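Work through the exercises below with the coordinates open in a viewer, and try each task before reading its solution.

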Amino acid sequence: MKASRLIPLSVLAFVAALLLVLYLPGLLRYRSFRGSLNDLVRLVKEGDPVAAAKYVADEDYEDLLELIDNYVPPDYHRDLVALNVTSVTWDGKRYSVRLVARFQGQRYSGIGQARMMWHRAEGGWRFSLRSTEVAEGYPQGSFVSLEHYLGNSGLFGR
């Protein structure tokens with residue numbers, strides 16, 4: 001093979017290796033994160049919020065269980081028409097996720113959204129309950145802290 005033919009192949013191999021080095025870690029991080037997020041959404045849709053609580057940060061776990069006991073009806077999933085991830089962004093340290101839920105039933109109907117911050121922790125990806133924000137309506141709606149929305153300033157008092 002002539003040297004003139006090896007140069008383009010060498011350049012192509014170098015560019016491919018460079019792209020692999022640059023983008024593979026981010027791709028692997030995103031796939032790992034997306035698996036955790038998809039599992040959380042699946043568990044919530046199936047009506048098992050206690051199992052979904054395994055994705056909250058350790059310091060928020062007890063608070064989330066209390067919130068589930070006090071605010072989430074056991075059969076909420078019957079009226080859950082849709083729960084979708086509408087955006088995922090990476091800021092260099094964590095993922096910001098927007099979830100949109102639509103409920104339609106005899107007790108309540110409406111649409112709301114939540115913005116959650118996810119970070120890598122020991123044992124996988126976790127979201128911070130304390131930094132979670134919620135809004136009524138979609139796409140409009142003003143985000144407020146979950147604690148403010150529930151009107152419970154002592155919710156995260158631990």
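The exercises that follow go from the overall fold to the core, the aromatic residues and the strand pairing, and they concern a predicted model.

**Exercise 1. Overall fold and dimensions**

Task: Determine how many helices and strands the protein chain has, and compare its radius of gyration with that of a compact globule of 158 residues.

Solution: 
- Step 1. The protein chain contains four helices and six strands, and, read from the N terminus, the elements follow the order α-α-α-β-β-β-β-β-β-α.
- Step 2. For a compact globule of 158 residues the radius of gyration would be near 15 Å, whereas the protein chain has 21 Å.
- Step 3. The C-alpha trace spans about 75 × 35 × 30 Å along its principal axes.
- Step 4. Of the 158 residues, 32% count as buried, and among contacts with a separation of 6 or more, 47% come from residues 24 or more positions apart.

**Exercise 2. Aromatic residues around two tryptophans**

Task: Describe the aromatic pair formed by Tyr-55 and Trp-118, and decide whether Trp-90 counts as buried, partly exposed or exposed.

Solution: 
- Step 1. The structure holds nine aromatic pairs. In the one formed by Tyr-55 and Trp-118, the centres are 6.2 Å apart and the planes make an angle of 45 degrees, a tilted arrangement.
- Step 2. This pair links distant parts of the chain, since Tyr-55 belongs to the loop between helix H2 (49-52) and H3 while Trp-118 belongs to strand S3, 63 residues apart. Both Tyr-55 and Trp-118 are buried.
- Step 3. Trp-90 is located in strand S1, and because its relative accessibility is 33%, Trp-90 counts as partly exposed.
- Step 4. Apart from residues up to four places away in sequence, Trp-90 touches Arg-29, Tyr-95 and Trp-125, and the charged end of Arg-29 sits over the ring of Trp-90 at 3.8 Å from its centre.
- Step 5. Between Trp-90 and Trp-118 the C-alpha to C-alpha distance is 9.5 Å, although they are 28 residues apart in sequence. Both belong to one aromatic cluster, formed by Tyr-30, Phe-33, Tyr-55, Trp-90, Tyr-95, Trp-118, Trp-125 and Phe-127.

**Exercise 3. Strand pairing and a cis peptide bond**

Task: State in which sense S3 and S5 run, and locate the loop in which Pro-139 is found.

Solution: 
- Step 1. S3 and S5 run antiparallel and are joined by four bridges, with Gln-113 opposite Ala-135 in S5.
- Step 2. S5 also pairs with S6, in the antiparallel sense and over two bridges, and here Val-134 stands opposite Val-144 in S6.
- Step 3. Pro-139 is found in the loop between strand S5 (133-136) and strand S6 (144-145), and the peptide bond from Tyr-138 to Pro-139 is cis, with omega near 0 degrees.
- Step 4. As a further charge-over-ring case, Arg-115 lies over the face of Phe-143, at 3.8 Å from the ring centre.

**Exercise 4. Two serines**

Task: Classify Ser-96 and Ser-128 as buried or exposed, and list their contacts beyond four places in sequence.

Solution: 
- Step 1. Ser-96, in strand S2, counts as buried because its relative accessibility is 16%, below the 20% cut-off.
- Step 2. Ser-96 touches Ser-87, Val-88, Thr-89, Arg-115, Met-116 and Met-117, not counting residues up to four places away.
- Step 3. Ser-128 lies in the loop between S4 and S5, and at 16% relative accessibility Ser-128 counts as buried.
- Step 4. With neighbours within four places in sequence left aside, Ser-128 is in contact with Asp-60 and Met-117.

Definitions and conventions: Residues are numbered from 1 along each chain as its sequence is written. This is a predicted model: local features need pLDDT of at least 70, side-chain atom pairs count only at pLDDT 80 or more; totals for chains, interfaces and linings use all residues. Side-chain values use heavy atoms; hydrogens and water are left out. Buried means under 20% relative accessible area, exposed over 50%, partly exposed in between (1.4 Å probe, protein chains only). Contact means heavy atoms within 4.5 Å. Rings of Phe, Tyr and Trp (its six-membered ring) pair if their centres lie within 6.5 Å; planes under 30 degrees apart count as stacked, over 60 as edge-to-face and the rest as tilted. A charge sits over a ring if NZ of Lys or CZ of Arg is within 6 Å of the ring centre and within 35 degrees of the ring normal. Two strands pair if DSSP finds at least two bridges between them. The radius of gyration is taken over C-alpha atoms; the globule rule is 2.2 Å times the number of residues to the power 0.38.
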